[in-house]
Amino acid sequence: MTGADNAAQYYSRFGEAAYSAADQMAAAEYLRAHTTAAGRLATVGYESTVMFLSGRMNATRFSYALPLVGWRSTPATRNGYQREFMAALAPPPLYIVVGQLLIGKPLTGDVFPDLTDLLARDYVLEQTCGAVQLYRRVR
């Protein structure tokens, strides 16, 4: 490395479709600056990198989206995992990190209605880092 690129430029080269290492790192840095070390976060999508780089505790046992929205599971299985995810959000975390659920597919009400309702009711989109959305609890 010659130093011609800053860190954001360098890491922006690492990505696939909507995934960008630079975006993940920026989101983690933002969360470190806006939460305490004891803070809990929840991630929805393939943003486990954000969780790990932020050093914050995951509010759920889910670190990626497949069990919650996977196309190869039955609706009953997905619904069970979604209920477990929602139950783990008590008490609600300060931030919920939302990214791509499947390549090119954003979070919509038909995919995970309880979560989209919660975000609309109790959270506000505070920061976007590429495809990574950081929702902050307001209620």
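This is a predicted model: local features need pLDDT of at least 70, side-chain atom pairs count only at pLDDT 80 or more; totals for chains, interfaces and linings use all residues.
1. A residue counts as buried under 20% relative accessible area, as exposed over 50%, and as partly exposed in between. Pro92, at 39% relative accessibility, therefore counts as partly exposed.

2. Apart from its neighbours within four places in sequence, Pro92 is in contact with Arg40, Tyr123 and Arg137. Two of these contacts, Tyr123 and Arg137, are bridge partners of one another, Arg137 belonging to β7. Pro92 also stands 8.8 Å from Leu41, C-alpha to C-alpha, although 51 residues separate the two in sequence.

3. On the overall architecture, the chain has six helices and seven strands. Read from the N terminus, its elements follow the pattern α-β-β-α-β-α-β-α-α-β-α-β-β. The chain comprises 139 residues, of which 38% count as buried. Of the contacts between residues at least 6 apart in sequence, 54% join residues at least 24 apart.

4. Five strands form an open sheet in the order β4-β3-β5-β7-β6, with mixed pairing. Its edges are β4 (57–58) and β6, each of which pairs on one side only. Within the sheet, four bridges connect β3 and β5 in the parallel sense; Thr43 has Val97 of β5 as its bridge partner.

5. Two helices that pack on this sheet may be described together. Helix α2 (residues 21–34) touches β3, β5, β6 and β7, and its direction makes about 15° with that of β7. Helix α6 likewise packs on the sheet and touches β3, β5, β6 and β7, but its direction makes about 100° with that of β6.

6. The β6 and β7 strands run antiparallel and are joined by six bridges. They form a hairpin with two residues between them, and Gly130, in the turn, has a positive phi of about 65°.

7. How are the buried residues of α6 arranged around its axis? The residues concerned are Leu115, Thr116, Leu118, Leu119 and Asp122. Viewed down the axis of α6, the buried residues fall within an arc of 165°, and they therefore line one face of the helix. In general, an α-helix has 3.6 residues a turn, so residues three or four places apart point the same way. The cover over the buried residues of α6 includes α5 as well as the strands β3 (40–44), β5 (95–98), β6 (123–129) and β7 (132–137).

8. The axes of α5 (residues 75–88) and α6 (residues 113–122) come within 9 Å and cross at roughly 30°. Since angles under 35 degrees count as roughly parallel, α5 is roughly parallel to α6. From α5, the contact is made by Gln82, Phe85 and Met86; α6 contributes Pro113, Asp114, Leu115 and Leu118. By class, the residues in this contact are five nonpolar, one polar and one charged. Leu115 and Leu118, which take part in the contact with α5, are also among the buried residues of α6.

Key: Residues are numbered from 1 along each chain as its sequence is written. Side-chain values use heavy atoms; hydrogens and water are left out. Axes are lines fitted to C-alpha atoms, for helices over the stretch in contact, and angles run from 0 to 180 degrees between N-to-C directions. Angles under 35 degrees count as roughly parallel, over 145 as roughly antiparallel, 65 to 115 as roughly perpendicular and the rest as oblique. Contact means heavy atoms within 4.5 Å. Ala, Val, Leu, Ile, Met, Phe, Trp, Tyr, Cys and Pro count as nonpolar, Asp, Glu, Lys and Arg as charged, and the others, Gly among them, as polar. Buried means under 20% relative accessible area, exposed over 50%, partly exposed in between (1.4 Å probe, protein chains only). The arc is that of the directions from the helix axis to the C-beta atoms. Two strands pair if DSSP finds at least two bridges between them.
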